[in-house]
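Please consider the structure shown below.

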Amino acid sequence: MTHLKFHLASKSPRRHQIFADAGFKTEILENHADEHFDPGMPVREVAEHLARQKAAPFCSETNKTVITADTTVILGEEILNKPNNEAHATEMLTKLSGKMHEVITGVCYIHQGKQTSFSECTKVWIKDLSKLEIEQYIQNYQPFDKAGAYGIQDWMGLVGVQKIEGCYYNVMGFPMHRFIAEFSK
């Protein structure tokens with residue numbers, strides 16, 4: 001499969017890195033798709049819905065394999081998106097402290113004119129974080145482009161995450177193992 005070229009319609013540097021680390025040739029496509037959803041939608045369906053929405057501008061592509069994705073962090077029935085500022089990041093990390101949450105990544109790909117989508121869920125347990133740890137994390141790791149205000153690939157994953165159940169790379173932003181299995185069908 002590494003002989004294929006994928007067109008990744010994503011701004012996420014972590015997704016770009018995951019594809020590079022897996023040995024895939026990728027071209028990055030600009031995507032300015034609307035990322036709104038009906039607030040009445042079940043929270044565990046939002047990520048896949050948004051991935052399909054991001055794929056919509058590329059539906060007519062028949063000579064490219066275009067991939068879109070969206071990651072949501074869910075605590076109970078609340079979606080924790082990317083924080084707007086330090087106070088918002090502090091609020092999110094305080095909510096996640098000492099609790100289990102779910103990270104769901106929705107993936108949509110268009111290959112040979114056919115659109116396919118799926119989502120992957122990983123459960124993540126965060127240790128009890130002190131106010132100082134949260135403050136230092138925000139100052140040192142700039143979590144503003146990350147759903148839930150943290151990255152599993154940095155300090156939070158090394159020190160703050162107690163355990164995960166599911167795919168580590170899903171928490172980073174792209175469930176490569178599942179994508180390969182789905183794409184290979």
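Q: Why is cysteine 59 called partly exposed?
A: Buried means under 20% relative accessible area, exposed over 50%, and partly exposed in between, with a 1.4 Å probe and protein chains only. Cysteine 59 has a relative accessible area of 38%, so it is partly exposed. The model is predicted: local features need pLDDT of at least 70, side-chain atom pairs count only at pLDDT 80 or more, and totals for chains, interfaces and linings use all residues. Residues are numbered from 1 along each chain as its sequence is written, and side-chain values use heavy atoms, with hydrogens and water left out.

Q: How many disulfides does a search of the whole structure find?
A: The search finds zero disulfides, a disulfide being a pair of cysteine sulfur atoms within 2.5 Å. For cysteine 59, the nearest cysteine sulfur is that of cysteine 108, 7.0 Å away, and cysteine 59 is in no disulfide. Cysteine 167 is likewise in no disulfide, as the sulfur of cysteine 121, the nearest, is 11 Å away.

Q: Why does cysteine 167 count as buried?
A: Its relative accessibility is 17%, so cysteine 167 counts as buried.

Q: What makes phenylalanine 19 and phenylalanine 24 a tilted aromatic pair?
A: Rings of Phe, Tyr and Trp (its six-membered ring) pair if their centres lie within 6.5 Å; planes under 30 degrees apart count as stacked, over 60 as edge-to-face and the rest as tilted. The centres of phenylalanine 19 and phenylalanine 24 are 6.1 Å apart, and the angle between the planes is 55°, which gives a tilted pair. Both residues are buried. The structure holds 14 aromatic pairs, and ring pairs link Phe6, Phe19, Phe24, Tyr109, Phe174, Phe179 and Phe183 into a cluster.

Q: How do you know that lysine 163 lies over the face of tryptophan 125?
A: A charge sits over a ring if NZ of Lys or CZ of Arg is within 6 Å of the ring centre and within 35 degrees of the ring normal. Lysine 163 is placed over the face of tryptophan 125, at 4.4 Å from the ring centre.

Q: What makes arginine 14 and aspartate 145 a salt bridge?
A: A salt bridge is a side-chain nitrogen of Lys or Arg within 4 Å of a carboxyl oxygen of Asp or Glu. The closest N and O atoms of arginine 14 and aspartate 145 are 3.2 Å apart, and the pair forms a salt bridge. Arginine 14 lies in helix 1 (residues 13-21) and aspartate 145 in the loop between helix 4 (131-141) and helix 5 (155-160), so the pair ties together parts 131 residues apart in sequence. Helices (H or I, at least four residues) and strands (E, at least two) are DSSP runs, numbered from the N terminus. By the salt-bridge rule, the count comes to 13.

Q: Why is arginine 14 called buried, and why does aspartate 145 count as partly exposed?
A: Arginine 14 has a relative accessible area of 15%, so it is buried. Aspartate 145 has 34% relative accessibility and therefore counts as partly exposed.

Q: What makes lysine 54 and aspartate 70 a salt bridge?
A: Their closest N and O atoms are 2.9 Å apart, and the two residues form a salt bridge. Lysine 54 lies in helix 2 and aspartate 70 in strand 3 (residues 65-75), so the pair ties together parts that are 16 residues apart in sequence. Both lysine 54 and aspartate 70 are buried.
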